[in-house]
Amino acid sequence: MSEVSSAPPSPYNRKNPYLAELIRHEHLTKAGSGKDTRHFVVNLAGSGLSYNPGDSLAVIARNSPQLVEQVIALTGFDPLAPVTVKDSLGQPKSVPFRQALSENFILNRATKKIMSGLAERVPQGEQRNKIMEIVDNDEVLADYVYSRDYVDALTEFDEAKFESPDVFISQLSPIPPRLYSIASSLAAHPDEVHLCIAIVRYETHGRKKTGLCSGFFADHAELNQRNIPIYVQESRHFRLPKDGARDIIMVGPGTGIAPFRAFLEQRSADGATGRNWLFFGEQHRASEFFYEDEFAAMQKKGVLTRLDTAFSRDQAEKIYVQHRMKENGKELWAWLQGGAYFYVCGDAHRMAKDVHQALIDIAREHGGLSPEAAAEYVNVTLMKTDKRYLRDVY
Ligand SMILES: Cc1cc2nc3c(=O)[nH]c(=O)nc-3n(C[C@H](O)[C@H](O)[C@H](O)COP(=O)(O)OP(=O)(O)OC[C@H]3O[C@@H](n4cnc5c(N)ncnc54)[C@H](O)[C@@H]3O)c2cc1C
Ligand SMILES: NC(=O)c1ccc[n+]([C@@H]2O[C@H](COP(=O)([O-])OP(=O)(O)OC[C@H]3O[C@@H](n4cnc5c(N)ncnc54)[C@H](OP(=O)(O)O)[C@@H]3O)[C@@H](O)[C@H]2O)c1
């Protein structure tokens with residue numbers, strides 16, 4: 001059945017990533033959308049890499065070439081000057097300054113460290129007074145770096161001169177791998193891993209900015225070039241039930257839909273007999289109903305038993321997935337009483353908390369439980385004892 005853990009352990013990990021190629025790049029958001037969410041397919045053929053639905057793909061992105069060139073120009077150093085960086089095993093290696101800036105260090109978010117580095121090097125005068133006011137106050141400093149990248153900071157304090165390219169890079173932070181919930185099942189797409197990525201774009205201080213990794217996928221990763229370092233980050237808990245006869249309820253607004261596309265593909269391939277209920281939410285049906293045709297086909301096939309959607313901005317009042325859960329609370333409670341697994345994926349800050357509360361409200365209203373007993377049922381029975389309330393939130 002679906003939880004196939006018989007695959008040999010992957011030879012690829014954070015210390016030894018696989019260089020993969022991107023083979024498809026599609027838009028999920030349509031004209032008129034205020035968002036930019038895309039579908040990417042990475043080729044695993046020949047890698048020996050494998051994964052299970054619920055796992056994530058870790059990606060080590062490169063900075064935008066424009067940002068790299070702007071930073072080089074602001075430092076005034078030779079882009080070909082050799083600098084010493086650590087390789088993935090932590091061993092020192094010499095690479096040109098440009099390559100180090102492209103592959104090794106975060107440039108799209110200024111840090112407290114670079115601000116201290118600049119403060120030490122700005123000579124007495126107006127710029128020095130200004131930077132000291134920033135670095136001497138933790139709150140002002142946090143606020144300053146939140147909305148600025150290295151170009152903003154180096155431009156504003158251009159009197160600071162770093163002694164050498166090596167000294168400059170010693171002030172930078174390494175690029176950490178970014179995780180993406182895998183949106184495919186190997187059973188449906190052999191040798192491929194699919195991702196659903198919301199591209200982070202915003203404008204601050206008169207300049208357009210992009211998220212490091214999502215921007216890399218959207219704007220810089222070339223197709224059919226084996227040069228994207230990746231590895232599979234196995235999930236310890238976010239798994240389909242071993243028993244394919246169990247029902248599952250999936251709540252995945254926005255990019256939270258990703259692992260549920262994988263779950264549905266896997267349940268279909270397994271011929272799992274349990275029912276599958278999906279709650280999906282986005283801003284508008286017309287422009288952000290990701291994978292609409294695929295879900296329609298799955299409904300037709302009988303794989304997707306129920307699909308409830310919440311398009312938050314298609315009407316005056318906001319409608320979110322938790323509203324749809326509550327509208328269908330009686331049935332949802334019946335599924336849970338019948339042993340269904342309950343999964344949530346997506347935004348951790350607001351959505352997952354509200355969905356959690358909706359579940360408690362449903363247990364109270366439809367289970368006839370006191371507020372305390374309803375909370376206990378969700379927090380202890382479902383989550384800890386039965387382990388059938390599982391979350392993949394970020
Ligand atoms: C287990 C897991 C699974 C995940 N799965 C997915 C997935 O399937 N799909 C997906 O899209 N993401 C997913 N993520 C999130 C993903 O890992 C990245 O965090 C996301 O893509 C942003 O990374 P980035 O490098 O593009 O942006 P970064 O370079 O990290 O920039 C993002 C930062 O930009 C800042 N920012 C945004 N707007 C503004 C603004 N207006 N002003 C100032 N700063 C701003 C925010 O502080 C934010 O932290 C997942 C995360 C985890 C942990
Ligand atoms: N840094 C950024 O610029 C940025 C931008 C977007 C998302 N994110 C983060 O990226 C992740 C996923 O984003 P995403 O674009 O896939 O989707 P998302 O922002 O989570 O939005 C998906 C849907 O969820 C709705 N929503 C908002 N608040 C909610 C709540 N409390 N409960 C239930 N639904 C709620 C949204 O409605 P409304 O939008 O109408 O409120 C939208 O319809 C999240 O972690 C999010 O915080 C970051």
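The structure is a predicted model, in which local features need pLDDT of at least 70, side-chain atom pairs count only at pLDDT 80 or more, and totals for chains, interfaces and linings use all residues. Residues are numbered from 1 along each chain as its sequence is written, while chains are lettered from A and ligands numbered from 1 in the order in which they are written. The protein chain has 394 residues. It is divided into domain 1, domain 2 and domain 3.

**Overall build**

- The C-alpha atoms of the protein chain fill a box of roughly 70 × 50 × 40 Å, taken along the principal axes.
- The chain has 15 helices and 15 strands. Both are DSSP runs, numbered from the N terminus: helices are H or I with at least four residues, strands are E with at least two.
- Of the 394 residues, 38% count as buried. A residue is buried if 20 or more other C-beta atoms lie within 10 Å of its own, exposed if 12 or fewer, and partly exposed in between, with C-beta atoms placed from the backbone.
- Take the contacts between residues at least 6 apart in sequence: 75% of them join residues at least 24 apart. Two residues are in contact if their C-beta atoms, placed from the backbone, lie within 7 Å.

**Domains**

- Domain 1 covers 18-59 + 177-233, domain 2 covers 65-169 and domain 3 covers 248-393. These bounds come from an automatic or database domain assignment.
- The C-alpha centres of domain 1 and domain 3 lie 24 Å apart.
- 21 residues of domain 1 are in contact with 19 residues of domain 3.

- A residue is near a molecule or strand if its C-beta atom, placed from the backbone, lies within 6 Å of it.

**Ligand 2**

- Ligand 2 lies between domain 1 and domain 3, because both give residues to its shell.
- 23 residues surround ligand 2, and the closest are G254, T255, S312, Y320 and R350.
- β12 (276-282), α12 (321-327) and α14 (351-367) each supply at least two residues of the shell.
- By class, the shell has 8 nonpolar, 8 polar and 7 charged residues.

**Strands**

- 5 strands form an open sheet in the order β13-β12-β11-β14-β15, with parallel pairing. Two strands pair if DSSP finds at least two bridges between them.
- The edge strands, β13 (306-311) and β15 (389-393), each pair on one side only.
- β12 and β13 run parallel and are joined by 6 bridges. L278 has L307 in β13 as its bridge partner.
- Elsewhere, strand β4 (residues 82-86) and strand β5 (residues 92-96) pair in the antiparallel sense over 5 bridges. K86 has P92 in β5 as its bridge partner.
- β4 and β5 form a hairpin with 5 residues between them, and G90 in the turn has a positive phi of about 85°.

Technical notes. Nonpolar A, V, L, I, M, F, W, Y, C, P; charged D, E, K, R; others polar.
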